[in-house]
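Biologist: I would like to learn how to read a structure like this one. Where do we begin?

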Amino acid sequence: MEIRFARETDSRQLLEIYRQYIDTTVTFEYVLPTEEEFAGRIREIGGEYPYLVCEEGGRAVGYAYAHKPFERAAYQWDAELSIYLDREYRGDGLGRRLYGMLMEILKLQGVRNVYGCVTIPNPRSERLHGSMGFEKLGTFHHTGCKNGRWVDVAWYERQIGSLDGDPRPVTPIGEIEEDKLREILRGEGGTL
């Protein structure tokens, strides 16, 4: 398997993975985005944060990315993580691997806290967050309606950077040293 940064041209393959979730409560979207919309998301998110894709034999089998969880300037040291795996690749450690790489890269960028938003029940995602050192912050009850029912959402948090001192602004992904990013994607980065 190869893990690399996503490109806009990956949108078709990533949409095929996302399609597996569109009729579930894992995502709150009702309609599958178009290929162009999805390419735009990859471009926009990938300009600031890591957007990773995992391939096996040239086929995308999973992807994960970080994005802003909140809009105000004082939240810039926070990132929300999202992950989607092809059904055939769930439960084999790929989620942990992608999440770990995201957090290593975000730490280089200067992000201090990462969050996961999980519709519940979702035992796989709940286990993933627990196994990666996230703490459950709380639950928003009946916060979304999908497939004819109200759904609860749990928020998870993990601190990945020091809170000491006056923080510098978060560094965009494009300004991080390429050698360090390659090390992380090869699995040679830190030990979060």
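Predicted model: local features only at pLDDT ≥ 70, side-chain atom pairs only at ≥ 80, totals over all residues.

Modeller: With a definition. The expected span of a helix is 1.5 Å times one less than its number of residues. Helices (H or I, at least four residues) and strands (E, at least two) are DSSP runs, numbered from the N terminus. Two notes on sources. Residues are numbered from 1 along each chain as its sequence is written.

Biologist: What span should helix H3 have at 1.5 Å a residue?

Modeller: H3 covers residues 94–109, and its 16 residues should span 22 Å. The end C-alpha atoms are 23 Å apart, which agrees. Just after H3, Gly110 has a positive phi of about 100 degrees.

Biologist: How many residues of H3 are buried?

Modeller: Buried means under 20% relative accessible area, exposed over 50%, and partly exposed in between (1.4 Å probe, protein chains only). Twelve of the 16 residues of H3 are buried, so the rest of the structure largely encloses this helix. Among them are Leu98, Tyr99, Met101 and Glu104.

Biologist: How do I describe two packed helices?

Modeller: Use the angle between their axes and the distance between the axes. Axes are lines fitted to C-alpha atoms, for helices over the stretch in contact, and angles run from 0 to 180 degrees between N-to-C directions. Here, the axes of H1 (residues 11–19) and H2 (residues 35–46) come within 9 Å and cross at roughly 100 degrees. H1 and H2 are therefore roughly perpendicular (65 to 115 degrees; under 35 is roughly parallel, over 145 roughly antiparallel, the rest oblique).

Biologist: Which residues of H1 and H2 make the contact?

Modeller: Contact means heavy atoms within 4.5 Å. H1 supplies Ser11, Arg12, Leu14, Leu15 and Tyr18, and H2 supplies Glu35, Phe38, Ala39 and Ile42.

Biologist: How many aromatic pairs does the whole structure hold?

Modeller: Rings of Phe, Tyr and Trp (its six-membered ring) pair if their centres lie within 6.5 Å; planes under 30 degrees apart count as stacked, over 60 as edge-to-face and the rest as tilted. The search finds 13 pairs. Phe70 and Tyr75 are tilted, because their planes stand at 45 degrees, with centres 4.6 Å apart. Tyr115 and Trp155 are edge-to-face, because their planes stand at 70 degrees, with centres 6.4 Å apart. Tyr115 is in strand E5 (residues 113–120) and Trp155 in strand E7 (residues 149–159), so this pair ties together parts 40 residues apart in sequence.

Methods
Heavy atoms only, no water.
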